[in-house]
Amino acid sequence: MTSTEPASPPAPSSPPQHVSPGGEEPRPAPEVRPASIRDAALLARLNDFVHSVHARDRPDVFRSGAAHAELVPIFETHLAREDVRAFVALLAGRPVGYALAVIADRPGDALTRPRTFVILEHLAVDPRAARTGVATALVEAVCTAGGQEGCSSLLTDVWDFNADARAFYEAAGFTPMRHILERPI
């Protein structure tokens, strides 16, 4: 259950199960809860999963090594903002991922129509929890939160080198909107 769903009766004592393809043992469904400012250190730690990929493939842009001491106040600032929606995903009670999104309300101008949308700024999942529904559950939590704010769409960006992330987003229904190109000088 996400924070954006109405309260329901107490859950049964065992968590819901996902049936794995190929007749494997069922696995627990991810649980998604809203993140609070108290989760800043947790998000800083979970960020390592995606940051390490970025630092490995674009060391010209991303610093290597964990910077938890610097990240915690950054996450505290984000989590204190009224336009930020953040969620933590758990598997069997263990935090395995997070999403952080910003609600954007753009007034129209001479060229564009007014619109409200949600921007998925961060999505990080422990690789050991890959293909368990964690990323999908986090994206759905962001969509639900955005819908409650009157958002018409969910936007995100992904580094071109990150083929796994691109494949996930495509499977999740995202389509290219525009391309950002780079040319060294």
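Is Arg166 buried, exposed or partly exposed? I looked it up in this predicted model: Arg166 has 35% relative accessibility, so it counts as partly exposed.

**Entry 1, the partner of Arg166.** I followed the side chain of Arg166 to a salt bridge with Asp160, at 3.9 Å from N to O. Asp160 counts as exposed because its relative accessibility is 62%.

I found 10 salt bridges in the structure. Arg56 and Asp57 form one of them, with 2.9 Å between N and O. Arg56 is exposed at 58% relative accessibility, while Asp57 is partly exposed at 30%. I also noted a salt bridge between the side chains of Glu149 and Arg85, at 2.8 Å from N to O. That pair ties together distant parts of the chain, 64 residues apart: Glu149 sits in the loop between α4 and β7, and Arg85 in strand β4. Glu149 is partly exposed, with 39% relative accessibility. Arg58, Asp60 and Glu182 turned up linked in a salt-bridge network.

Leaving out residues up to four places away in sequence, Asp39 touches Arg33, Pro34, Leu79 and Val88.

**Entry 4, the second largest pocket.** I read off a volume of about 1,200 Å³ for this pocket. Of its 29 lining residues, those closest to the centre are Thr156, Asp157, Val158, Met177 and Arg178. I sorted the lining into 16 nonpolar, 4 polar and 9 charged residues. Helix α5 gives the largest share of the lining, 4 residues.

Key. Residues numbered from 1 in each chain as written. Predicted model: local features only at pLDDT ≥ 70, side-chain atom pairs only at ≥ 80, totals over all residues. Heavy atoms only, no water. Contact = heavy atoms within 4.5 Å. 1 Å grid on protein atoms, 1.4 Å probe; cavity = no way out; pocket = protein on both sides within 12 Å on 5 of 7 lines; lining within 4 Å. Points joined across faces, edges and corners; volume = space filled by probe spheres on them. Helix = DSSP H or I, 4+ residues; strand = E, 2+ residues; numbered from the N terminus. Nonpolar A, V, L, I, M, F, W, Y, C, P; charged D, E, K, R; others polar. Salt bridge = Lys/Arg side-chain N within 4 Å of Asp/Glu carboxyl O. Buried < 20%, exposed > 50% of the residue type's maximum accessible area, 1.4 Å probe, protein only.
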